[in-house]
Amino acid sequence: MAESRMNPVSGGSHEHEIAIESLLDERRHFPPPPAFAAHATLNDPAIFARAAADPVAFWEEQARELDWFEPWHTALEWDLPFAKWFVGGKLNVSYNCLDRHVLAGRGDKIAYHWEGEPGDTKTITYAQLLDEVQRCANALKALGVGKGDRVAIYMPMVPELPVAMLACTRIGAPHTVVFGGFSAESLSDRINDSQAKLVITADGGWRRGKVSPLKPNVDDAVKMSPSVEKVLVVRRTEQDVAWDASRDVWWHDIVPQQAADAAPEPMDSEDMLYLLYTSGTTAKPKGILHTTGGYLTGVAATHRWVFDIKPEDVYWAAADIGWVTGHSYIVYGPLTNGTTSVLYEGTPDFPDAKRWWSIVERYKVTILYAAPTAIRAHMKWGRAHAQHHDLSSLRLLGSVGEPINPEAWMWYHEVIGGGRCPVVDTWWQTETGGIMISPLPGITTTKPGSATQPVPGIFADIVDDKGESVPLGEGGYLVITKPWPHMLRGIYGDPQRYKDTYWSRFPGKYFPGDGCHRDEEGYYWLMGRVDDVMNVSGHRLSTTEIESALVDDHRVAEAAVVGTPDSLTGEAIVAFVIVKGSTTITPELGEELRAHVAHKIGAIARPKQVMFTPDLPKTRSGKIMRRLLRDIAAGRPLGDTTTLADATVVETIRDASANAKDDD
Ligand code: PRX
């Protein structure tokens, strides 16, 4: 890894230039092991050409793998940037995830091996899951939820979470799952934007041996969210919770009593399936809208191909269902494919760092899908934990959420995969609904750190500032050039923002916001975000959202937030804060501001460091030059400062930050 490449591309409408830089010259190649390729679901590269020859017909072929109540009459209506797939078709998601397997005689197959953090376990078959989903669907109806009503779900990783989601799909009520780590205020924002009338939650969940309370946050959120009529509460941790008898209903008081018989609502292919909120470049999270037929087609197909799913596999996506990975690859993809999955409630290091590996051994997990940040944490804890357990059941490893550095990739491959398991590094987003760029493990020769190539039926390019395709061997902006079935259909309630965010930078092309290098062999090397979005532990956070939370504190005059490279979490949040004149700067103030952000948004958004500064570097038009702040935070030499309104400012901040570091 000697050579280094620099591929600067200018940031266009951004105030700064973006240096897309590849410091690696990774030359290791890993062809699919012959025994793996011989048995792989996909082992003929002709699939790429077949998909390219007629992408719409190719996706229709995938859609036919689902059970439709009524066929579609038009495969794709493309009124750029608005897509409709499988128009006129009718189907039900829960029917595809459950009924059809039970009807085919696979009711006794295990859908989930669930394990709670304290060590309690539950085995749930497809037939049992279908039963529970129908009871829950009837309970939702009894609570006044009908087709088209939105339901907010704020739960720990308990079996009732997928049950709740599937019950919503059964009656045609779109859900919006809010990650349990978000604050009351973040929850309320999402409820208000989606106008949800029911919230499904739990008293709490287990995290690192402690109860992480959820119901109190719901109580606070609902005070700010008048659309909510009822709150359905799962008892999980059994601590006391406040109770409003006119609004709150225990799950165990209403769900088990219902009939296990609820006809699946025939939904239009383009009916809304769910909203999932994600951070963008402004403080307001975007409600990413996914619909029914195209989404299910895409997640089921990509799950089958990328994970080489076989009937006997035990598959574990070690993510939280509150993020899109959980939606697509813990719930909808695996269940549509009739897969047996592991569902684990807690943290990877409770009661110790062997937990994951003990789960792999006990359930004989064959496929593991995890985030680079978790892999790096395991690397830090040391290989002995993994070596303590028998991991020989594993045959395939996946990675998602952020670029995986070659060191982590190699560690994953060698220590966890015993050198025999292909590693699939999967690039995609909440907006894309499913995996877009990834190896196919029986076909693709992998290179550590590269997501390799778009999957069949997905068409990407790397373009420069003007939208022109760059030659192989160069870097630029990743774009997707053709519509795909599982693409987002919009930002809820804001079509203009949808056009502006994804489709205006490069007309006619979808712009995900990622920089990317493409090597001479056409392999894609993702380089991270090029906008004001950070990726912390594989979770997207907006700089602006955190800045608003900081200035919300009455002592803060101005704040700028940047991501800085972090060996564990990928990026870490550094906040530069100017306090109001009368405020004295103390170490406690930094702590209080960090806590304030965690309270406003959630613990994931807590800045790692708060630096107090007398000033911020700005352009003459008043835009904060985050690029320079990133340089300061990372201790790098400063890039071009010629557009600074006041060139002395950065030196002042650098001095202030050096002093802050000395104080540590
Ligand atoms: O920057 C890319 C990064 O995560 C962003 C999407 O975040 P989110 O919508 O939260 O979805 C995460 C799980 C799919 C992308 O724009 N990202 C995701 N996967 C990768 C990645 N960056 C590099 N390599 C990946 N495999």
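Modeller: With that, you can find aspartate 203 in the loop between β10 (198-202) and β11 (204-207). Keep in mind that this is a predicted model: local features need pLDDT of at least 70, side-chain atom pairs count only at pLDDT 80 or more, and totals for chains, interfaces and linings use all residues. Residues are numbered from 1 along each chain as its sequence is written, and side-chain values use heavy atoms, with hydrogens and water left out.

Aspartate 203 is buried (under 20% relative accessible area, 1.4 Å probe, protein chains only). Still, aspartate 203 has no salt bridge, meaning a side-chain nitrogen of Lys or Arg within 4 Å of a carboxyl oxygen of Asp or Glu. The nearest side chain of opposite charge, on arginine 235, is 5.1 Å away; here Lys and Arg count as positive, Asp and Glu as negative, and His and the chain ends are not counted. What the side chain of aspartate 203 does have is a polar atom 2.7 Å from the backbone nitrogen of arginine 236. Beyond neighbours within four places in sequence, its contacts (heavy atoms within 4.5 Å) include Pro213, Lys215, Val234 and Thr237.

Now the ligand. Of the 17 residues around the ligand, Asp425, Thr426, Thr430, Asp514 and Arg529 come nearest; "around" means having a heavy atom within 4 Å. A polar side-chain atom of arginine 540 lies 2.8 Å from a ligand oxygen.

Methods: Helix = DSSP H or I, 4+ residues; strand = E, 2+ residues; numbered from the N terminus. Buried < 20%, exposed > 50% of the residue type's maximum accessible area, 1.4 Å probe, protein only. Polar contact = N/O pair within 3.5 Å; in protein donor to acceptor, adjacent residues only side chain to side chain.
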